[in-house]
Amino acid sequence: MYGQGYAVNWCYSSEEAAGHYGFVFSELPGGTENTYRLLKSSKPSVIAHENLILTQPEYNTKVTISGRLKSERFARYAERYPDNSDYAVLAGLDVSATVNVKGTTGLDNPNEGKTITVTAKVTGVSASDADGNYTEQSVAPLTELTLPADEDTTAESVLEQLMTLPVARTSKQMHGVLRVRRCPMAAC
């Protein structure tokens, strides 16, 4: 135990970790190899997922970095005894730290706490008819989403939200066009 002659050590390689049993990062749910796997940033444009490379923002920005730790040695007991909550912690303990990254202006973000409205719909095309013609069909209807103005919102993140709507989930046609209009709340 820390404070009883033991200390916390950080190992940077498998050679350094040899003979030590500790906690390692395990995969986070919802991530992909194109987004995050082990470390997730709440603002990847400021602190990147995974390698945590810093890009100084214009404004002071709070960033939360999340991960999941598991015991290399004892995580297997959680699988063997799934009803034991003590072992469950050893198989996956969610951890996070929030840091404040100083911006180039030294000022706080004027958009913090404000929202924007995104109006979007996803359309696709039907299978061709006997004459080879296609018709447009709605995959996700015209929908208004309210998002934080101080976050990096991409067309991909809007599409992900739209595709979780019940109407979108029932559609079999997933190829389509995303039309996004972004405007401040006051202007919409």
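This report covers the fold, cores, salt bridges and one surface patch of a predicted model.

**Overall layout**

The protein chain carries five helices and seven strands. Read from the N terminus, the order is α-β-β-β-α-α-β-β-β-α-α-β. The chain has 188 residues, and 24% of them are buried. Take the contacts between residues at least 6 apart in sequence: 62% join residues at least 24 apart.

**Nonpolar cores**

In soluble globular proteins, nonpolar side chains tend to be buried together. The largest nonpolar core here has 12 residues. Its members are Ile116, Val118, Ala120, Val122, Val139, Ala140, Leu145, Leu147, Ala149, Val158, Leu162 and Met163. Strand E5 (115-125), strand E6 (136-148) and H4 each give two or more residues to this core. A second, separate core holds five residues, among them Val46, Ile47, Ile65 and Val101.

Which residues of helix H4 (residues 155-163) are buried? They are Val158, Leu162 and Met163. These three cover an arc of only 130° around the axis, so they sit on the same side of H4. An α-helix has 3.6 residues a turn, so residues three or four places apart point the same way. Val158, Leu162 and Met163 all belong to the largest core.

**Salt bridges**

Side chains of opposite charge can pair when their charged atoms come close. How many salt bridges does a search of the whole structure find? It finds two.

| Salt bridge | Closest N and O atoms |
|---|---|
| Glu27 with Arg37 | 3.1 Å |
| Arg68 with Asp94 | 2.7 Å |

Arg68 lies in strand E3 (residues 61-71) and Asp94 in strand E4 (residues 93-101). The two are 26 residues apart, and their pair links distant parts of the chain. Both partners are partly exposed: Arg68 has a relative accessible area of 22%, and Asp94 has one of 49%.

In the other pair, Arg37 counts as partly exposed, at 37% relative accessibility.

**Surface patch**

Trp10, Tyr12 and Phe25 make a nonpolar surface patch of about 420 Å². Phe25 belongs to strand E1 (residues 23-26). Is Phe25 buried or partly exposed? Its relative accessible area is 32%, so Phe25 is partly exposed. That value also passes the patch cut-off of over 30% relative accessible area.

Methods. Residues numbered from 1 in each chain as written. Predicted model: local features only at pLDDT ≥ 70, side-chain atom pairs only at ≥ 80, totals over all residues. Heavy atoms only, no water. Helix = DSSP H or I, 4+ residues; strand = E, 2+ residues; numbered from the N terminus. Buried < 20%, exposed > 50% of the residue type's maximum accessible area, 1.4 Å probe, protein only. Contact = heavy atoms within 4.5 Å. Patch = residues over 30% accessible without salt bridge, like charges linked within 9 Å, V, L, I, M, F, W, Y side chains within 5 Å. Areas by Shrake-Rupley, 256 points an atom, 1.4 Å probe, with all protein chains shown as cover. Salt bridge = Lys/Arg side-chain N within 4 Å of Asp/Glu carboxyl O. Arc of directions from axis to C-beta. Core = buried A, V, L, I, M, F, W, Y, C linked by side-chain atoms within 4.5 Å.
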